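Colleague: Can you walk me through the inside of this one? I'd like to start with the voids.

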Amino acid sequence: MTNNINTLPRSDDVVIVGGGLAGLFCALKLAPRPVILISAAPLGQGASSAWAQGGIAAAMAEGDTPEAPAADTVAVGCGIVDEAVALGIAREAAPRIHDLLAYGVPFDRDLEGRLAVGREAAHSARRIVHVRGDGAGAAIIAALSEAVRRTPSIRLIEGFVAEALLTEDGAVAGLRLREAGDAAAQPILLAARMVVLATGGIGHLYAVTTNPREASGSGLAIAARAGAVIADPEFVQFHPTAIMVGRDPAPLATEALRGEGATLINGRGEHFMAARHPLAELAPRDIVARGVFAEISAGRGAFLDARQALGARFGDRFPTVHASCMAAGIDPATQAIPIAPAAHYHMGGIAVDHRGRSSIDGLWAGGEVSSTGAHGANRLASNSLLEAVVYAARIADDIAGRTSPSPARLADAATPRGGAPDAAAVKRLRMLMSAHVGVIRDGYGLADAVRSFAALEREATSIAVRNMATAALLVAASAWNRRESRGAHFRSDHAADVPALAQRTMTTLAAVREVADSLSERPTPRTAQPMIA
């Protein structure tokens with residue numbers, strides 16, 4: 001049911017922040033326990049999971065076993081995947097797929113009625129379940145949104161953002177909420193002892209991204225400000241095939257296109273990936289993204305060519321991508337699609353254990369805002385939706401075993417008014433992230449970004465901008481600290497991996513602020529950087 005937030009009584013309800021896959025699935029799994037579900041955008045909108053064109057990786061085909069996708073996940077994660085976590089997720093894939101089927105998700109089936117499976121990059125077998133080729137995310141969110149709306153134990157609050165996480169004696173005490181898009185609105189304090197953050201990723205911190213505007217790192221920032229441990233924030237995955245047609249966010253050309261035989265070419269018509277990796281177009285995303293980036297940087301341009309692989313079948317097989325191309329005046333059946341790498345997925349996030357618990361008592365995190373150890377330095381295709389449903393179910397199980405503590409008494413005095421976001425400051429932040437904390441990084445650019453974000457965090461009058469700066473600072477400072485290249489984190493001044501650094505990053509906001517302070521005290525010399533051919 002939907003409620004006006006001002007009519008909510010003080011209660012012991014579980015509060016879930018985020019209307020994407022993790023938030024919706026967790027709320028449904030908690031039923032009939034009372035839940036307050038807060039979504040910044042109308043349900044079904046504003047969630048990256050709704051835009052996911054890939055599917056869910058699940059070892060459900062004959063001859064496939066959970067050990068195989070777990071091994072693929074470990075291989076792609078470049079030495080820092082938690083192997084027990086990867087295997088545990090893979091083993092829970094089948095029951096979570098059956099849950100989604102029960103909620104009405106219409107996964108594709110073959111002629112014999114079995115779930116149809118496709119292959120995506122760096123998977124050793126066909127094991128990705130899709131919906132109409134490229135519509136899994138939208139179909140899953142639509143089905144779960146409908147299920148949530150008809151579940152009486154779920155109170156749905158739309159149009160509010162969580163701008164601060166409130167704590168008392170090291171434990172969650174509540175949230176400070178504000179009406180989305182109205183910086184002058186009076187904030188509302190919501191007492192809560194059990195909070196699940198499922199607020200999504202950080203893609204919109206970048207100038208070029210496939211993520212919705214709501215993916216601006218707010219959940220990461222408010223948890224960090226409350227003292228939560230943050231894991232692996234430097235690892236940001238760039239999707240190599242965002243469609244470059246002048247839209248923000250950029251439409252996505254799903255990896256499944258390459259799984260069906262589409263190729264990558266430059267403006268000369270040359271296939272450039274075969275010389276970079278034995279798997280060519282199906283190499284891990286970080287390698288493909290750098291290959292595409294190099295062609296664009298060299299002035300040759302980069303294109304996705306499905307003319308031979310799909311041709312006239314493109315529209316039927318991949319209707320979402322087809323529609324995006326046609327809207328921009330590109331017929332992908334007869335023309336190559338202009339592409340570029342775009343910020344797509346954050347492997348880092350709020351550090352959580354195998355139950356989804358953060359370092360703050362009473363705070364759980366699921367989906368992209370969390371970091372479970374499953375993805376390491378480079379996420380394997382179609383593992384994110386799987387991780388979201390697995391951990392959402394685990395969080396619900398963990399909460400179900402708890403009695404509800406009495407809600408805290410929050411003082412109304414601690415409710416600052418928000419300033420309007422400075423559009424110029426947001427634009428500069430996003431440009432700095434793309435330029436210095438993007439596909440290819442170096443120490444000089446990272447140091448400049450760290451200093452800039454630390455200053456913006458201190459000086460911003462808008463709480464929304466301050467939270468963006470906090471999230472950006474976490475990523476940039478951790479990238480500056482990691483002086484090697486590993487997975488999606490590539491530094492041209494430290495281009496090799498360092499075996500001694502094959503471990504996860506665990507940090508806090510206090511620690512990255514110390515990095516910023518040290519960089520502000522001394523200039524960072526620019527050194528000659530090797531060219532990325």
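Modeller: Terms first. A cavity is a set of points, on a 1 Å grid over the protein atoms alone, where a 1.4 Å probe fits but cannot get out; lining residues have an atom within 4 Å of a point. Grid points are joined across faces, edges and corners, and a volume is the space filled by probe spheres set on the points. This is a predicted model: local features need pLDDT of at least 70, side-chain atom pairs count only at pLDDT 80 or more, and totals for chains, interfaces and linings use all residues. Residues are numbered from 1 along each chain as its sequence is written, and side-chain values use heavy atoms, with hydrogens and water left out.

Colleague: What volume does the largest cavity have?

Modeller: About 110 Å³. Among its 16 lining residues, Thr-73, Ile-89, Ala-90, Asn-383 and Leu-386 are the closest to the centre.

Colleague: Which helix gives the largest share of that lining?

Modeller: α3, with four residues. Helices here are DSSP runs (H or I, at least four residues), strands likewise (E, at least two), numbered from the N terminus.

Colleague: And how do the lining residues of the largest cavity divide?

Modeller: 12 nonpolar, three polar and one charged. Ala, Val, Leu, Ile, Met, Phe, Trp, Tyr, Cys and Pro count as nonpolar, Asp, Glu, Lys and Arg as charged, and the others, Gly among them, as polar.

Colleague: How much space is in the second largest cavity?

Modeller: About 50 Å³. Its lining includes Arg-285, Asp-286 and Arg-290. α8 gives the most there, with four residues. By class, that lining has four nonpolar, two polar and three charged residues.

Note on methods
On a 1 Å grid over the protein atoms alone, a cavity is a set of points where a 1.4 Å probe fits but cannot get out, and a pocket is an open set with protein on both sides within 12 Å along at least five of seven lines; lining residues have an atom within 4 Å of a point.
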